Amino acid sequence: MSTAAQRPVAVIGLAAIAAVEGIALLGYAVFDTVEGLRRGATGPADVSNVPAIILLVAILLVFGLGLVWVARGWWRLRRAARAPFLLAQVLAVLVGYELAQSEGPVERTVGIAMALVAVVGIVLCFLPPVTRALEP
């Protein structure tokens with residue numbers, strides 16, 4: 001079952017969700033790198049120093065590349081894509097919930113969208129067509 005015609009729509013959705021999340025994290029890593037170089041370390045002293053910015057960018061790159069890898073796994077109908085995808089979605093729900101509590105309208109909107117997409121991903125993960133497609 002490796003052709004696109006045999007790939008359930010839910011699996012295509014899961015691959016798309018993982019790919020978009022991964023690309024967004026990679027984009028944010030690039031943005032933070034550019035901002036760090038352009039403006040320097042700004043903000044509270046605990047999180048605005050060179051080692052903290054490097055660590056943040058490294059974490060974003062690892063998670064972003066990981067989600068792109070997971071998207072490829074979904075696309076290729078690999079069972080191994082499910083567990084890391086679910087972990088990423090649980091983390092996205094938690095981060096999205098916190099962002100949804102923000103005062104700023106942009107942060108709140110991003111948080112709500114992030115949490116909703118993550119919940120949709122979790123639900124899609126357990127649909128019967130997905131489970132059947134991942135069977136050996």
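Author: A term to start with: a crossing is left-handed if the near helix is turned anticlockwise from the far one by less than a right angle, and right-handed if clockwise. This is a predicted model, where local features need pLDDT of at least 70, side-chain atom pairs count only at pLDDT 80 or more, and totals for chains, interfaces and linings use all residues. Residues are numbered from 1 along each chain as its sequence is written, and side-chain values use heavy atoms, with hydrogens and water left out.

Reader: How many helices and strands?

Author: The protein has 5 helices and 0 strands. Helices (H or I, at least four residues) and strands (E, at least two) are DSSP runs, numbered from the N terminus.

Reader: At what angle do H2 and H3 pack?

Author: About 135°, with the axes of H2 (residues 50-75) and H3 (residues 82-100) 9 Å apart. Axes are lines fitted to C-alpha atoms, for helices over the stretch in contact, and angles run from 0 to 180 degrees between N-to-C directions.

Reader: What does that make H2 relative to H3?

Author: Oblique to H3. Angles under 35 degrees count as roughly parallel, over 145 as roughly antiparallel, 65 to 115 as roughly perpendicular, and the rest as oblique.

Reader: Left-handed or right-handed crossing?

Author: H2 passes H3 in a left-handed crossing.

Reader: Which residues make the contact?

Author: From H2, Phe63, Leu67, Trp69, Val70 and Trp74; from H3, Arg82, Pro84, Phe85, Ala88 and Leu91. Contact means heavy atoms within 4.5 Å. The set divides into 9 nonpolar, no polar and 1 charged. Ala, Val, Leu, Ile, Met, Phe, Trp, Tyr, Cys and Pro count as nonpolar, Asp, Glu, Lys and Arg as charged, and the others, Gly among them, as polar.

Reader: Now the loop between H2 and H3. What is phi of Leu77 there?

Author: Near 60°, a positive value in a residue other than glycine. Most residues other than glycine have a negative phi.

Reader: Is Leu77 buried or exposed?

Author: Leu77 is buried, at a relative accessible area of 10%. Buried means under 20% relative accessible area, exposed over 50%, partly exposed in between (1.4 Å probe, protein chains only).

Reader: And Phe31, where is that?

Author: In helix H1 (residues 9-39). Phe31 counts as partly exposed, at 45% relative accessibility.

Reader: What share of the protein is buried?

Author: Of its 136 residues, 31% count as buried.
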